[in-house]
Structure formats: structure tokens, C-alpha cells
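The points are intended to be read alongside the coordinates.

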Amino acid sequence: MAAAVALASRGRARSTPNPNVGCIVVADGRVAGRGWTQAGGRPHAEAVALAQAGDNARGATLYTTLEPCAHVSERGPACCDLIATAGIARVVSALIDPDPRTCRTGHARLRAAGIAVREDVGADAAARAMAGFLTRQRHGRPHVTLKLATSLDGAIALASGESKWITGELARAHGHLERARHDAILVGRATFDADAPRLDVRLPGLETFAPRRLMLTRTPVPTGWEAVRGPDAIRELAGVDHLLVEGGAQTAAAFLRAEMVDRLIFYRAPILIGGGRPALGDIGLGNLGEAHGRWRLADQRMLGIDRLEVYERSPCSPE
């Protein structure tokens with residue numbers, strides 16, 4: 001299942017609005033087929049893996065990060081039917097599909113076809129890999145990652161506004177990788193006016209993965225940009241399940257205040273600025289106690305001289 005989850009990540013921000021599923025077919029202890037949901041949502045991961053496995057799929061075990069779909073689409077057959085026709089003997093899945101067209105129906109149809117089904121294997125990792133699809137299904141909005149690059153004392157720029165560069169080359173490269181894993185990037189009007197950001201992906205081989213460019217503003221935007229009037233308006237963004245918020249301080253605060261941030265990425269440089277511009281504006285806390293219990297550390301590592309910390313919203317924090 002860990003291998004299937006890794007494959008699922010390859011389709012992130014490419015398969016929207018379909019889930020970025022990963023799938024492995026194992027026959028006689030060997031991988032016979034592997035696949036992930038392709039760009040635009042088709043073909044599905046199971047279809048790719050089964051086609052690769054061919055006749056070796058008969059009697060094999062299929063690992064998938066999401067319950068196989070049970071509904072027929074104009075774009076392709078139901079994965080349940082493909083699995084049964086291929087002769088798969090056992091299906092191991094990580095998550096139940098929240099889409100009402102498939103929810104638990106997929107597993108029921110597989111069992112009715114005589115296929116053994118095991119659920120809830122590697123569920124946490126799969127949910128993290130498919131966070132965009134799941135957040136859209138459950139909350140009707142994209143999964144939001146807030147990116148902050150700060151000094152040790154929490155500044156994002158000098159008092160003059162100079163901010164290039166707080167972090168080093170490796171941290172900046174990681175930031176571009178994060179851009180490639182999102183459907184859209186959002187900045188505030190002030191950030192656009194001050195920095196004229198390109199918001200592209202400047203990594204060899206990933207240049208074409210540049211996301212859509214969004215601006216938090218109520219005023220007209222330049223060609224190539226889309227206006228978002230407020231944090232809640234991201235619910236209306238078609239084709240955006242993974243949203244990266246990059247700045248500035250007031251825009252970041254607005255999304256935090258609206259309880260619209262699911263994941264925090266901190267790039268912390270080993271420098272002190274003193275009197276610089278803070279990373280966040282007012283996020284609406286009434287007392288210090290309200291700040292606790294909202295975030296849990298999901299990952300941390302060094303990127304050259306900079307420290308990366310990734311936090312996820314705590315399950316008990318408000319939505």
C-alpha cells in the first residue's frame with residue numbers, strides 16, 4: 001500500500017477533479033502492474049495497472065488507495081467491472097470513496113463478484129496523498145496549504161520590504177516543488193503590487209506544471225490572473241482541489257481567521273532580522289488558550305541551512 005500511495009502522489013494536481021489514486025497489482029509476490037490516475041482524471045489508476053498486468057492479473061491481489069469506482073462514465077467503464085473481468089482474487093483498499101455514486105457500493109459489488117476485500121489499510125497515508133479530493137468532497141472547498149518563509153524571529157522581510165532571499169537555494173527549490181503539486185497559487189494584492197510574482201515552477205522538467213494564478217482582491221486583475229474576493233470564495237473555484245497560499249501577511253491571516261488552512265509549511269532561515277515585517281497579521285484570537293491544540297507536526301527536516309516544518313490541522317480544531 002505504501003507503494004500505491006507513492007504512485008498516487010504522482011497524479012496530485014494533475015487528475016483534478018478526479019481523485020489522484022495509486023494502484024499496484026501483485027501476482028505471485030511480484031508487481032505485475034502499477035498505475036496512477038492520469039492527467040484530467042482518466043484513465044483511472046486501476047485501469048492503468050490492470051492493463052499493464054494483463055493476464056497476470058488473474059488470481060492476483062490489487063492494492064488501491066481508494067475504493068474502486070462503481071459508476072459508469074462516458075469517459076470509461078467502472079473500475080469494479082474491470083477488476084472483476086480481469087480475474088483479480090483480492091482487493092486491498094485504503095479508503096472508502098466519499099463520492100455517493102461509489103461510497104461502499106464499490107466494495108459491495110466486488111464482494112458480490114466473489115472477490116475478497118480488505119479495507120482501511122494505510123488509510124492515514126492515503127488520505128494525506130489525496131487530501132485535495134477528500135477536502136472537496138467533505139467540505140466543499142479545496143485543501144489549502146499556507147506557505148511561510150521566515151527568519152528565526154518570524155519576519156518575512158526587512159522593514160523596507162526587501163525579502164529576496166530569506167531562505168537558501170534548497171528551500172526555494174522545495175517551494176517550487178510544492179507549487180507543482182497544487183492546482184492554483186494565491187497571493188494578496190499587496191504582494192502582487194510589491195513583488196510582481198511570476199508564481200511559476202522553475203525546476204528542470206517541471207516547468208509546464210505551473211498552477212493557475214489567483215489574487216485575493218476585489219479590484220480588477222491583470223491578464224493571466226483570477227480574482228478571489230475572499231477566503232470563502234475558493235469554494236467556487238472549478239478545477240481547484242489543491243490551493244497554495246503564498247502571501248502576504250494579511251492574506252495569510254485572512255485564511256487562518258476563516259479557518260480555511262489545512263496545512264502549514266514553514267521554511268525557517270537561521271537569520272535574525274529585528275524590526276522586520278511580521279509573517280502574519282491578526283488572526284482573530286480572543287485569548288492565548290485559543291491558539292493551542294490547532295496544529296500537529298507532520299514532518300520536519302533540514303534543507304541545506306534552513307529548517308522545514310510541516311504542520312497539519314488538528315482533527316479537533318474548528319473547520
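1. Basis. This is a predicted model, in which local features need pLDDT of at least 70 and side-chain atom pairs count only at pLDDT 80 or more, while totals for chains, interfaces and linings use all residues. Residues are numbered from 1 along each chain as its sequence is written, and side-chain values use heavy atoms, with hydrogens and water left out.

2. Helix α6. Helices (H or I, at least four residues) and strands (E, at least two) are DSSP runs, numbered from the N terminus. Helix α6 spans residues 131–139, and its buried residues are Ala131, Gly132, Phe133, Leu134, Thr135 and Arg136. Here buried means under 20% relative accessible area, exposed over 50%, and partly exposed in between (1.4 Å probe, protein chains only). These buried residues pack against α5 (123–129), β6 and β11 (242–247). After α6 comes Gly140, with a positive phi near 70 degrees.

3. Arg128 and Glu312. The structure contains 22 salt bridges, each defined as a side-chain nitrogen of Lys or Arg within 4 Å of a carboxyl oxygen of Asp or Glu. In one of them, Arg128 pairs with Glu312, with 2.6 Å between the closest N and O atoms. Arg128 belongs to helix α5 and Glu312 to strand β15 (residues 306–313), so the pair ties together parts 184 residues apart in sequence. Arg128 is partly exposed at 44% relative accessibility, whereas Glu312 is buried at 13%.

4. Asp241 and Arg136. A salt bridge (3.2 Å, N to O) joins these two side chains, Asp241 and Arg136. It links distant parts of the chain, since Asp241 is in the loop between β10 (226–228) and β11 and Arg136 is in helix α6, 105 residues apart. Asp241 is buried, at 5% relative accessible area, and Arg136 is buried at 18%.

5. Arg313 and Asp262. The side chains of Arg313 and Asp262 form a salt bridge with an N to O distance of 3.9 Å. Arg313 lies in strand β15 and Asp262 in the loop between α9 (249–257) and β12 (263–268), 51 residues apart. Arg313 is buried, with 14% relative accessible area, and Asp262 is buried with 10%.

6. Network around Lys147. Salt bridges that share partners join Lys147, Arg179, Arg198, Asp200, Arg202 and Glu246 into one network. Lys147 sits in strand β6 (residues 143–150) and is buried, at 18% relative accessible area. Leaving aside residues up to four places away in sequence, Lys147 contacts Gly175, Leu244, Val245, Glu246, Ile265 and Tyr267, where contact means heavy atoms within 4.5 Å.
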